[in-house]
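Student: I've just opened this one and would like a guided tour. Start wherever you like.

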Amino acid sequence: MVIENVTDPVSAAIHARLGNLRAAAAMVVDRYWQAVYAGEKGNNGWENKSCLVLRLKDSQHSFSVLWGRIEWRGSKAKGTRTMLRHHIAKGRESSGYNMERLKSYACDWEKGIVEITESELTLIRDEFKFLSKALQTIRYANLAQSKREKYLEKGQ
């Protein structure tokens, strides 16, 4: 995360914590993929391969962890097989995904892994949301202070 023009120590501490949360989310995603690869090795056949995708998406001052699913279309024998990726919608009312919906796309051996992973990610998303709101409030407070100082300078 890039910290630009952070002058107060509270904002700097919040930005540092957001960086820690991003690192924690990356560890959860890596642990998920390690478990999936190990599970797929122990279960032969295409029907036992995971069709869920979990990715960490970085943006300029933020990050998100998104679930998706893979769908295969066409014939492998005819060479017309293609892979389609579909985003799984999280919903607005919660910081987490609907667990039943995620499990509906998961293999039987994978459902426990998905539940643990999403539970951890929900906690990270919750904390991130509150810290982001705190930064926004600090920005508004700094703006109000700046307006007040300009007003006082004008009056003198």
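**Around Ser50**

Student: Which residues does Ser50 touch, not counting residues up to four places away in sequence?

Tutor: Leaving those neighbours out, Ser50 touches Tyr32, Val36, Glu40, Cys107, Trp109 and Glu110. Contact here means heavy atoms within 4.5 Å.

Student: Before we go on, what should I know about the model?

Tutor: It is a predicted model, in which local features need pLDDT of at least 70 and side-chain atom pairs count only at pLDDT 80 or more, while totals for chains, interfaces and linings use all residues. Residues are numbered from 1 along each chain as its sequence is written, and side-chain values use heavy atoms, with hydrogens and water left out.

Student: Thanks. Where does Ser50 sit, and is it buried or exposed?

Tutor: Ser50 belongs to the loop between H1 and S1, and it is buried, with a relative accessible area of 14%. Buried means under 20% relative accessible area, exposed means over 50%, and partly exposed is in between (1.4 Å probe, protein chains only). Helices (H or I, at least four residues) and strands (E, at least two) are DSSP runs, numbered from the N terminus.

Student: What joins the side chains of Ser50 and Glu110?

Tutor: A polar contact of 2.5 Å. That term covers a pair of N or O atoms within 3.5 Å; within protein, one must be able to donate a hydrogen and the other to accept it, and residues adjacent in sequence count only if both atoms are side-chain atoms.

Student: How far does H1 reach?

Tutor: H1 has 34 residues and spans 50 Å from its first C-alpha to its last, close to the 50 Å expected at 1.5 Å a residue. The expected span is 1.5 Å times one less than the number of residues in the helix. At the start of H1, a side-chain oxygen of Asp8 comes to within 3.1 Å of the backbone nitrogen of Val10.

Student: Switching to salt bridges: how many does the structure hold?

Tutor: Eight. One of them is between the side chains of Asp58 and Arg22, at 2.7 Å, N to O. Asp58 lies in strand S1 and Arg22 in helix H1, so this pair ties together parts that are 36 residues apart in sequence. Asp58 is partly exposed at 44% relative accessible area, and Arg22 is partly exposed at 26%.

Student: What about Glu71?

Tutor: Glu71 forms a salt bridge with Arg69, their closest N and O atoms being 4.0 Å apart. Arg69 is partly exposed, with a relative accessible area of 23%. Salt bridges that share partners join Arg69, Glu71 and Arg73 into one network.

Student: Now the strands. How many bridges join S1 to S2?

Tutor: Seven bridges join S1 (residues 52-58) to S2 (residues 63-73), and the two run antiparallel. Strands pair if DSSP finds at least two bridges between them. A hairpin of four residues links S1 to S2. In S2, Phe63 is the bridge partner of Asp58 and Leu66 that of Arg55.

Student: Which strand comes next to S2 on my screen, S3?

Tutor: S3 (residues 82-87) is joined to S2 by six bridges, and these two also run antiparallel. Ile70 stands opposite Arg85 in S3.

Student: Last stop, H3. What covers its buried residues?

Tutor: The cover includes H1, S1, S2 and helix H2 (99-105). H3 runs over residues 111-155, with 45 residues reaching 66 Å from first C-alpha to last, close to the 66 Å expected. Among its buried residues are Val114, Leu121, Phe128 and Leu135. Arg125 and Glu118 are both buried as well, and they form a salt bridge whose closest N and O atoms are 2.7 Å apart.
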